[in-house]
Amino acid sequence: MTRFVTKLAAATAAVALASVPGLASAQTTQAVDEKTGPVSFANVASVRIGNPGSLITETQRSPLTPGQSKLSPDRTVVPRDKGEENTFGDKWAVNLGRFGAQSPFPPGIASRDHNVLAALQQTTVPTAVAESNYALLDNGRGGAKPADNTVLVLEGAKSAVDCSSPTKTTSSTSVGKIWVRDETGTLKPSGASGVDVKGLKLGPPSVIKNENIGKDETTSDLTVSRVTAFDQLIRQDGWRNGDVTAVAGWKVDIVTHVRDDAGKDLREARTTLVLGGVSCSIPKNFVAKPAGGTGPGAAPEQPAVPGTVPAGGIPPQSADSTRTVVGLGLLGGGIVIGAAAMLLFRRRKPVPVREK
């Protein structure tokens with residue numbers, strides 16, 4: 001179903017370009033092969049809950065001709081609606097940089113829009129970049145303000161990839177500061193290379209009916225590390241690799257030890273988040289064209305050709321294996337894939353499954 005939506009997006013983009021004056025040159029550009037040619041992907045945040053439940057936000061895919069697909073700034077939080085909350089849980093939230101009157105970030109970190117895009121340069125070199133501030137909130141803490149519930153912050157996070165040739169690919173994953181709430185309840189900087197914390201006061205992303213959780217006894221072990229392999233990305237089927245692939249992003253692994261007020265272990269909840277996951281891939285015989293194109297995610301001279309793999313996922317806790325799309329995909333220019341979304345929702349029903 002993801003492939004169907006991706007093809008519809010490409011067809012929609014082609015029709016849109018053909019109808020806009022001044023964009024005829026984009027139609028004459030030879031397209032790269034959709035299935036085996038150079039391609040890049042970028043995703044702002046995705047979550048794996050249980051075994052194998054997952055929530056995947058809109059994934060940007062590089063177009064088939066020089067251009068770029070960029071995530072709409074309207075995506076500011078995960079989960080953003082009831083459908084995503086049913087998959088992610090109702091206790092946690094991830095802010096993606098932009099906020100209103102009340103900030104979930106430490107003082108001094110300003111509201112900002114993310115920059116998440118996948119591009120095909122004029123040289124047909126695929127690149128991708130994801131830049132944002134991230135805040136993980138545990139609303140089960142019951143704080144009066146969003147910042148009171150924040151347990152992890154990645155300030156100035158950036159991941160980028162560039163696949164210039166089979167012998168020259170680059171990937172980078174960086175962050176200004178990583179903030180973690182310590183055992184005293186204070187949100188403090190904890191370096192910029194990664195984090196490994198045990199006994200963090202962090203509850204599970206959701207609770208089971210009639211579960212009597214002891215807040216003071218429940219803790220989590222949290223690890224923040226760099227994405228180093230394609231299989232570490234949380235992705236839809238439409239997100240593909242190639243003969244040569246470069247990846248980047250931040251991976252957050254959380255093991256929550258759920259206990260009651262007496263300290264008795266009730267269960268173990270495992271959650272993985274990938275923040276700013278990006279990749280680029282090229283065939284083994286790829287040769288870049290001798291044209292412009294400058295660096296990861298640089299805006300090309302040609303008009304952008306939107307192409308997006310829609311938000312989607314597999315909700316946890318069900319015996320049924322049917323897959324479902326739990327969010328509407330956005331085309332790069334903010335166009336909603338109406339017909340595809342309607343078909344998806346008519347033919348697919350949410351199916352909870354559990355993942356480790």
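**Aromatic pairs and their surroundings**

Tutor: Phenylalanine 105 is buried, with a relative accessible area of 4%. The cut-off for buried is under 20%. Keep in mind that this is a predicted model.

Now count the pairs. The structure holds three aromatic pairs. One of them joins phenylalanine 41 and tryptophan 239. Their ring centres are 5.6 Å apart, and 20 degrees separate the planes. Planes under 30 degrees apart count as stacked, so this pair is stacked.

Where do phenylalanine 41 and tryptophan 239 lie? Phenylalanine 41 belongs to strand β1, residues 39-49. Tryptophan 239 is in the loop between β14 (219-226) and β15 (244-259). The pair therefore ties together parts that are 198 residues apart in sequence. Both phenylalanine 41 and tryptophan 239 are buried.

Back to phenylalanine 105. Its ring pairs with that of phenylalanine 99. The centres are 5.9 Å apart. The planes meet at 40 degrees, so this pair is tilted.

Next, a covalent tie. The structure holds one disulfide. Cysteine 163 and cysteine 280 form it, with their sulfur atoms 2.1 Å apart. The torsion about the S-S bond is about 80 degrees, so the disulfide is right-handed. Cysteine 163 lies in strand β9 (residues 150-165). Cysteine 280 lies in strand β16 (residues 265-282). This pair ties together parts that are 117 residues apart in sequence. Cysteine 163 and cysteine 280 are both buried.

Step back to the whole protein. Its secondary structure comes to five helices and 18 strands. Of its 356 residues, 52% count as buried. Take the contacts between residues at least 6 apart in sequence: 69% of them join residues at least 24 apart.

Last, some backbone details. Most residues other than glycine have a negative phi, and most peptide bonds are trans. Threonine 124 has a positive phi of about 65 degrees, although it is not a glycine. Threonine 124 sits in the loop between β7 (115-120) and β8 (126-138). At 8% relative accessibility, threonine 124 counts as buried. Asparagine 210 also has a positive phi of about 65 degrees. Asparagine 210 is in the loop between β13 (195-200) and β14. Asparagine 210 is exposed, at 73% relative accessible area. The peptide bond from valine 78 to proline 79 is cis, with omega near -5 degrees. Proline 79 is found in the loop between β5 (77-78) and α3 (82-88).

Methods: Residues are numbered from 1 along each chain as its sequence is written. This is a predicted model: local features need pLDDT of at least 70, side-chain atom pairs count only at pLDDT 80 or more; totals for chains, interfaces and linings use all residues. Side-chain values use heavy atoms; hydrogens and water are left out. Rings of Phe, Tyr and Trp (its six-membered ring) pair if their centres lie within 6.5 Å; planes under 30 degrees apart count as stacked, over 60 as edge-to-face and the rest as tilted. Helices (H or I, at least four residues) and strands (E, at least two) are DSSP runs, numbered from the N terminus. Buried means under 20% relative accessible area, exposed over 50%, partly exposed in between (1.4 Å probe, protein chains only). Contact means heavy atoms within 4.5 Å. A disulfide is a pair of cysteine sulfur atoms within 2.5 Å.
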